[in-house]
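Have the sequence and the model open side by side, and let's walk through a few spots together.

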Amino acid sequence: MVMPQAWSHPHSFIAMQVTLVQQDDRLTGLKMHWVMDEITSADLLYDAGKAKPDSVVWKKLAAEVMANVMAQHYFAEFWHKGKPVKFGNLPPEYRLSREGNKAVLEFILPLDEPQPLAGQRYTFSIFDPTYFVDMTFASEQSLHLPPELAQRCRLTLKTPNPNASLQTYALSLDKADAPPADMDLGRQFAQTVTLLCQ
């Protein structure tokens with residue numbers, strides 16, 4: 001017996017962590033650590049079988065998953081002074097691995113140009129526009145600064161609180177439904193991370 005709720009949006013859940021990547025006092029990217037839920041992970045782990053972590057099988061799966069992420073503009077938006085910051089085309093590193101019954105994707109989301117940190121404020125959000133995938137940071141503990149930035153930068157997390165009718169609508173969508181693109185459903189549930197540096 002499948003509960004009707006099981007087919008409503010979202011269908012996949014990704015628990016995220018992020019670590020800032022910097023070089024010479026400039027922000028160069030975001031190191032992502034995405035843990036997929038068991039159901040989302042099942043196909044990937046089935047395809048990987050008993051392959052060793054650094055085998056061709058895992059590398060091929062990682063490349064497929066990464067290609068999907070890149071096709072969606074990394075599911076990310078990054079802002080500085082009200083303007084979008086462009087991302088680089090290719091992640092300098094990425095890998096897919098297994099944690100128990102969950103698949104874990106790790107990659108560096110590169111910024112096209114290194115961004116100054118001193119006295120700057122940036123915001124970013126990571127979300128699926130259709131809200132098919134629920135992508136969340138559990139808490140501010142999921143946001144990490146490299147030790148050299150810990151003294152003068154801080155990261156804060158804002159989680160939206162969509163109204164009840166929007167939540168009901170999202171839950172009413174079944175697997176075949178997609179919300180209208182102009183509704184931007186995912187953005188309305190998207191968390192915002194703010195980076196503030198002295």
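What follows is a short tour of a disulfide, some aromatic pairs and one histidine. Please keep in mind that this is a predicted model.

**The disulfide**

- The structure holds 1 disulfide, and it is formed by Cys153 and Cys197, with sulfur atoms 2.0 Å apart.
- This bond links distant parts of the chain: Cys153 sits in strand E10 (residues 153-158) and Cys197 in strand E11 (residues 192-197), 44 residues apart.
- The link between Cys153 and Cys197 is right-handed, with 110° about the S-S bond.
- Are the two cysteines buried or exposed? Cys153 counts as buried because its relative accessibility is 5%, and Cys197 is buried too, at 7%, where the cut-off for buried is under 20%.

**Aromatic pairs**

- The count of aromatic pairs comes to 6, and two of them are described here, those of Trp34 with Phe107 and Phe78 with Phe124.
- Trp34 and Phe107 make an edge-to-face pair, because their ring centres are 5.0 Å apart and their planes stand at 85°, and edge-to-face calls for planes over 60 degrees apart.
- Trp34 belongs to strand E2 (residues 26-36) and Phe107 to strand E6 (residues 102-116), so this pair ties together parts that are 73 residues apart in sequence.
- Trp34 is buried, with a relative accessible area of 2%, and Phe107 is buried with a value of 0%.
- For Phe78 and Phe124, the ring centres are 5.6 Å apart and the planes are at 5°, so the pair is stacked.
- Phe78 counts as buried at 2% relative accessibility, and Phe124 is buried with a relative accessible area of 2%.

**An aromatic cluster**

- Which residues form one aromatic cluster? They are Trp34, Tyr74, Phe75, Phe87 and Phe107.
- Two cluster members, Trp34 and Phe107, are the partners in the edge-to-face pair above.

- With 14% relative accessibility, His80 counts as buried.
- The side chains of His80 and Gln120 are joined by a polar contact of 2.6 Å.
- Leaving aside residues up to four places away in sequence, His80 touches Val85, Gln115, Gln120, Arg121 and Tyr122.

Technical notes. Residues are numbered from 1 along each chain as its sequence is written. This is a predicted model: local features need pLDDT of at least 70, side-chain atom pairs count only at pLDDT 80 or more; totals for chains, interfaces and linings use all residues. Side-chain values use heavy atoms; hydrogens and water are left out. Buried means under 20% relative accessible area, exposed over 50%, partly exposed in between (1.4 Å probe, protein chains only). A polar contact is a pair of N or O atoms within 3.5 Å; within protein, one must be able to donate a hydrogen and the other to accept it, and residues adjacent in sequence count only if both atoms are side-chain atoms. Contact means heavy atoms within 4.5 Å. A disulfide is a pair of cysteine sulfur atoms within 2.5 Å. Helices (H or I, at least four residues) and strands (E, at least two) are DSSP runs, numbered from the N terminus. Rings of Phe, Tyr and Trp (its six-membered ring) pair if their centres lie within 6.5 Å; planes under 30 degrees apart count as stacked, over 60 as edge-to-face and the rest as tilted.
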